[in-house]
Amino acid sequence: MTKKERFAFVLNYFEQHAPNAETELLYDNPYQLLVAVILSAQCTDKRVNMTTPAIFKKYPDAESMSHATFDELFPLIRSISYPNNKTKHLIGMAKMLMEDFNGEIPDSVSELIKLPGVGRKTANVITSVVHHQPNMAVDTHVFRVSARVGLTTNAKTPLQTELQLLKYIPEEKVHIAHHWLILHGRYICIARSPKCGECGIRPACKYYKTLIKGQ
């Protein structure tokens, strides 16, 4: 199977079985999504969703968050991984939004990555989810699944993975393909014991083919 055929098989499968895939982070607007994605770094979406309601109640927008002190915000974030850094990032992010962007969430990766706590992955998530821009956010799930299945070849970094995926995924499908790969990695192609018996894309999977050969 060529790489082009592999991508076609995988995308077709997900299109049929998960046509409405979306982020599992709970949010009502771009500001809330940005806060949630910053908090989700090396933390589960489930934990983030348990934490954000209290944050959004006290700080419903960037303006209110920009006036928060560390000691006020930290107790709401302490159950999240790396709470010290994330508390500082959220306050810094909100201040910059107010000072440089009139309180509005930027709609470009180049502007988003200027914000404290926002790297390329987070910026890609925001622009992809909110604006359906063809940006591929690569987290640990996307990185692992892409390599295992054979969608990427010798990709050593998230950026290399991103560029290889964008080469083969049609532009109009990039925003949802991001969710397909994340959810597949979260529930089926898990890190230690992938559930190959339940996997619908195993006919196209290089990892599964290697397993069969070894039996």
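Cys199 is buried, with a relative accessible area of 10%; buried here means under 20% relative accessible area, with a 1.4 Å probe and protein chains only. You'll find Cys199 in the loop between α11 and α12, where helices are DSSP runs (H or I, at least four residues) numbered from the N terminus. Leaving aside neighbours within four places in sequence, Cys199 is in contact (heavy atoms within 4.5 Å) with His184 and Ile188.

A word on the ground rules: this is a predicted model, so local features need pLDDT of at least 70 and side-chain atom pairs pLDDT 80 or more, while totals for chains, interfaces and linings use all residues. Residues are numbered from 1 along each chain as its sequence is written, and side-chain values use heavy atoms, with hydrogens and water left out.

Now for Cys189, which sits in the loop between α11 (174–187) and α12 (206–214). Cys189 counts as buried because its relative accessibility is 8%. With neighbours within four places set aside, Cys189 is in contact with Arg144, Val145, Arg148, His184 and Pro194.

The UniProt record (an unreviewed entry) puts a "binding site" feature at Cys189, Cys196, Cys199 and Cys205; such annotations may be inferred rather than shown by experiment.

Elsewhere, Leu34 touches Met93, Leu97, Ile105, Leu115, Val118, Thr122 and Ile126, not counting residues up to four places away in sequence.

Terms used
Helices (H or I, at least four residues) and strands (E, at least two) are DSSP runs, numbered from the N terminus. Buried means under 20% relative accessible area, exposed over 50%, partly exposed in between (1.4 Å probe, protein chains only).
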